Amino acid sequence: MMRCGRFHYHAPRTLRDACAMLQDAGSDGMLLAGGTDLVPNMKRRQQTPKVVISLRHVAGLRDAGPDGNRVRLGAMLTLSDLTAKEEVRARHTALFKAAAQVATPHLRNMGTLGGNLCLDTRCNYYDQNYEWRKAINFCMKKAGEICWVAPSSRRCWAISSTDTAPALIALGAEVALATRDGERTLGVADFCRDDGIQYLTRNPDEILTQVLLPIPAPGESSTYWKLRRRGSFDFPVLSVAAWIRRPPEGRVEAARLVLGSVASRPVIAEAAAGLVGTTLSEDVIEAVAEEASRLAKPLDNTDFSLGWRKKAARYLITGALRELRGDDPQTLGPLARRAAELAPVG
Amino acid sequence: MSSRIAALDLQVVGKPRRRVDARAKVTGQTRFADDLFLPRMLHCKLLRSPHPHARIRRIDARAAVTAPGVKLVLTGVDLPIPYGILPVSQDEHALCLNRVRFVGDPVAAVVAVDEQTACEALDGIRVDYEPLPTIADPEEALTTPQPRIQPYGDGNVHKKVALQFGEVDAAMASADRVFEDIFFYEGSTHLAIEQHAALAAVDPDGKLTLWSSTQTPHYVHRALSRVLGISPAHIRVIATPNGGGFGGKSDPFNHEIVVAKAAMLLGRPVKICLTREEVFYCHRGRHPVLMKLVTGVNGDGRIVAMDLQTLLDGGAYGSYGVASTFYTGALQTVTYEVPRYRFRGCRVFTNKPPCGPKRGHGTPQPRFAQEIQLDKIAVALGRDPAELRKSQLAKPHALTANYMRIGTMGLGECIDRVVAGSGWKNKHGKLRFGHGVGLACSSYLCGAGLPIYWNALPHSGVQLQLDRSGRVAAFCGATEIGQGSDDVLANLVAEVLGIDPFDIRLVSGDTDLGPVDLGSYSSRVTLMMGHAALQAAERARDLIAQAVSASLEVPASRLVFAGRRVFDAEAPARGVSFAEAVQRGEAMHGTLGTTGSYTPPESAAKYKGGGVGPSPAYSYSACVVEVQVQPETGWVEVEKIWIAHDIGRSLNPVLARGQVEGSVYMALGEALMEEMAYRRLPRHLSGVLVHKFPSLLEYKSPTTLEMPEVITYLVENPDEAGPLGAKEVGQGPLLPVMPAVANAVYDAVGVRVDEVPITPEKVLRALGDRESRRCGPKSFPFIVWPEPLKVAPPWEGGDGTAVNEKPRRRKEGVLMSPDVVQPGLAPHPSTPEAGQKTESSESSPEMPEVLR
């Protein structure tokens with residue numbers, strides 16, 4: 001089998017110790033949550049930390065509970081923990097659907113909420129073992145100089161492939177980041193950056209400890225649609241998270257639309273403003289989907305062909321909005337069933 | 001037709017049973033090659049080429065050799081003798097001598113105390129390469145004779161074959177309609193869940209043992225003897241249970257030879273387990289094939305002539321490629337009557353991992369073409385596709401135009417079953433837009449009529465040894481690759497001796513302990529090993545019956561072996577237990593042991609190339625696929641599949657159904673998503689040609705969640721050529737599924753996708769092309785074909801020979817090389833033994849400098 005390089009392993013029991021260890025390790029250190037992303041990446045030498053600090057035994061990071069008008073979710077909650085929570089399923093549909101569609105049951109049993117938010121960006125030229133990357137003389141994301149997806153580009157175009165981040169942005173969530181000196185919070189949208197290499201605004205000494213999720217008011221609903229080849233374990237090649245506030249029988253008062261896997265960060269579609277004040281008629285949905293789908297500028301670094309992914313973006317956005325209007329995804333055709341479908345949970 | 005065997009009263013055969021190795025498999029106790037550990041075992045890793053095509057100038061392994069924990073570094077010069085599965089393609093070296101031909105070609109091996117140390121030591125080997133231009137696809141290979149990837153063949157053309165059965169051009173000219181289509185079948189890989197692994201050890205007496213996840217221990221045995229230069233009698237190959245093979249473990253592999261050599265040099269066991277990436281580089285999977293199929297039909301759609309051209313992308317080595325090339329033409333004649341037939345095939349070399357046999361070996365590609373074209377013919381002539389096929393089925397018990405001898409032929413019944421089961425008549429052409437059904441048929445071999453190397457010996461042998469305890473041990477070289485060959489062996493022996501399959505001790509896949517069986521390929525095991533098992537068991541039964549007859553004073557002909565007893569058919573109470581019966585046999589005859597063996601009948605195809613295709617029997621399959629296609633996105637959802645398979649007789653229906661469903665699963669992967677795709681970087685920046693995604697995650701293959709409902713019908717019409725009438729089931733049911741999906745997509749949305757995989761983007765492209773309503777290849781390159789060998793079909797006075805063929809003398813191949821006897825450990829590679837034969841196939845004899 002492929003083997004990781006050699007590294008020191010720390011297993012702190014308190015957040016304070018973890019913060020100290022992380023700061024001490026400096027640029028040699030990396031945090032290990034569920035390990036479902038980091039460990040295979042280490043085997044492929046995409047990441048080569050000399051110090052690995054496990055958060056598994058840190059007290060408090062798997063706690064969850066109400067906090068005023070918000071819910072606090074510990075970053076070390078596994079994705080299975082999350083989908084097993086009835087209140088997540090009932091109230092935060094977009095997050096539930098996103099978490100439930102990450103990888104496979106086995107990986108959700110290990111993978112965590114915080115880990116999924118910090119998921120390394122992905123690219124067909126990067127997600128390869130060391131020998132393969134050596135054959136192409138590497139790429140700028142690791143050990144090389146060029147972006148093979150766009151050789152004239154100065155930046156890295158690896159794709160944000162987290163399922164939970166688009167959902168949490170649509171839901172208006174924040175994250176809490178701790179250091180040895182204290183804690184700060186910021187919106188999930190601000191936690192993400194549009195750069196394939198520096199794809200998070202997290203400082204190197206910060207640990208993501210909590211996700212803070214607003215408790216939805218009456219009339220709020222959300223969903224998450226994921227496009228992938230197989231309903232069983234693929235990363236998203238395109239995803240749509242949508243949230244609206246609309247009183248029964250009334251007009252939309254507020255809306256958020258976020259596209260995942262179209263850039264190095266989740267992309268907020270301003271076109272969602274076009275939903276406000278409407279009753280989500282077919283015309284409105286199609287116009288908004290048309291405009292929002294222009295944000296999808298696929299590159300040839302993931303599954304499916306570019307042109308098709310662009311067409312699919314419009315279709316997916318339309319479908320997600322129809323679902324929020326109240327349409328049954330089951331009636332929207334086989335791809336809709338796939339995209340809105342939940343892999344069996346648990 | 002086969003009333004004698006059809007009427008047999010069977011106790012074990014045909015009853016759904018738990019397979020004999022099920023308990024071990026489901027409790028995790030099956031020991032695969034990578035589960036084996038021996039005391040003082042070392043671990044091996046291979047350094048692979050990062051270049052798609054390059055000359056090796058220099059290898060500096062000094063840093064690796066001196067690294068702590070490293071025991072040995074091997075390079076090409078240590079294993080200079082070439083090998084290859086086919087005698088005509090001895091073009092591989094265990095480690096590349098002076099040339100690498102694809103990204104992943106192995107260059108050096110490190111053996112160390114553990115895998116981690118071996119991995120790290122790979123970084124200590126510096127290889128100086130001189131990159132060479134690359135060939136990425138067949139059209140490039142045809143037009144770029146230099147630089148040559150292999151020193152044999154013609155430029156970068158590996159092999160051209162041309163065969164003609166009857167005056168095809170004249171028949172085509174007289175046809176009412178001529179249909180001409182071009183199809184492309186993308187390459188795919190086996191994706192066995194178990195990665196290849198091997199462990200070699202030198203026994204205390206100096207003999208070599210190799211445990212390996214191989215489908216063909218006998219051929220590995222031969223290759224080891226050749227490359228290592230030691231007597232085959234001093235080599236033992238044990239095929240461990242394979243975690244899936246599908247053809248991908250049928251070649252002798254470089255890693256097997258490397259660990260064997262290392263174990264000999266070090267006197268310690270050496271193991272290797274490949275990573276998934278490395279398995280992609282071993283490949284030997286489905287050839288990508290471009291096809292031009294021209295078929296002439298009369299007014300009601302009956303075929304009058306067929307003319308097929310195929311162009312195969314072979315990758316960098318020969319492997320089974322010559323056979324694969326012939327297979328793209330050989331079985332086009334066994335499903336429907338084809339009075340005249342021309343086939344021309346061409347295989348080229350490219351700088352990619354070698355292609356070879358994958359489930360269906362060379363036949364799914366032209367089958368895809370033929371079955372889609374028949375659908376087009378049906379549409380053009382306004383005929384029902386099922387009826388069109390049924391009206392011109394190949395005749396049973398007859399020869400085809402290319403001299404394949406068909407036995408029983410259950411395709412008509414297969415079609416009837418799936419047509420009835422699926423409600424075809426109410427669905428085809430009648431479902432609402434976006435919904436459709438498609439039908440296709442196929443046939444496959446029950447074992448190749450000829451072995452890989454020419455010899456006159458049996459293809460399979462079984463030995464039984466019976467003990468006074470009543471224990472029966474069955475020994476056979478056949479290889480359990482998950483398909484259930486052990487169960488077939490136990491099943492047939494138990495049937496004849498009237499005992500339970502679980503009473504039998506099985507020893508299989510071991511070249512020291514069992515008689516030779518050629519291996520688990522070409523769907524040959526049930527038929528060939530089955531006959532050998534029956535013969536051995538019948539001989540044992542006769543010996544026992546003779547003794548029991550004497551002691552019970554009952555004629556042997558009246559004795560029945562059943563329920564672990566041997567008794568008088570006319571007075572069942574009068575009998576003895578099986579163990580007592582064996583004791584009486586042993587008392588009369590001495591220690592009881594019998595053998596059985598099987599050699600296929602001689603083929604009717606006497607022309608050159610006629611060695612590929614003949615089989616003792618052919619299985620048949622028909623399939624209906626129902627799909628939903630979303631016109632906005634081109635998304636194809638396979639909703640349900642009905643498949644009927646003419647198996648002759650099902651020995652264990654549980655296993656047979658498992659093979660059918662497994663075939664459908666693998667077929668859907670090829671139909672909808674699997675692609676051995678390669679990427680060439682921008683030419684002005686790099687000369688690299690790499691596999692696009694050698695990983696289980698990004699190489700898309702369906703999972704259980706993607707599987708639709710599958711309704712399986714086993715059509716049982718015993719064939720005299722099979723053991724108790726049994727035919728194959730491991731490969732045939734894969735074949736009709738891909739074209740049936742394509743035909744269903746047409747029925748749903750009215751467009752043709754004439755290539756696999758049938759992806760949503762291709763469906764959408766076809767929907768968008770208002771003129772052609774099609775997505776697929778548009779042209780077939782011009783190939784200068786040799787004059788075809790001309791063979792008159794049987795109904796035109798032919799005798800199976802070609803009129804324009806020079807007389808050939810079939811040379812008896814070297815079975816093994818028993819003259820090279822070199823017991824014990826070999827000398828260290830730094831002092832190559834004098835007189836060691838080096839048959840380098842390299843074009844340039846210039847060898848790299850090796851420092852270590």
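Predicted model: local features only at pLDDT ≥ 70, side-chain atom pairs only at ≥ 80, totals over all residues.
Q: How many residues in the contact of helix 11 of chain A with helix 12 of chain A are charged?
A: Helix 11 of chain A brings residues including A:Glu286 and A:Glu290, and helix 12 of chain A brings, among them, A:Lys310, A:Arg314 and A:Arg322. By class, the residues of this contact comprise seven nonpolar and two polar, and the number charged is five.

Q: Which helix of chain A gives the most to the side that touches chain B?
A: The contact takes 30 residues from chain A and 34 residues from chain B. On the chain A side, the elements giving two or more residues are helix 8 (130-135), helix 12 and helix 13 (334-340). With five residues, the one that gives the most is helix 12 of chain A.

Q: How many charged residues are on the side of domain 1 of chain A that touches domain 3 of chain A?
A: The domain assignment places domain 1 of chain A at 1-59 and domain 3 at 126-153, and their centres, taken over C-alpha atoms, are separated by 24 Å. Their contact takes four residues from domain 1 of chain A and five residues from domain 3 of chain A. On the domain 1 side, one residue is nonpolar and one polar, and the number charged is two.

How values were computed: Residues numbered from 1 in each chain as written. Chains lettered and ligands numbered in written order. Contact = placed C-beta atoms within 7 Å. Helix = DSSP H or I, 4+ residues; strand = E, 2+ residues; numbered from the N terminus. Nonpolar A, V, L, I, M, F, W, Y, C, P; charged D, E, K, R; others polar. Domains from an automatic or database assignment.
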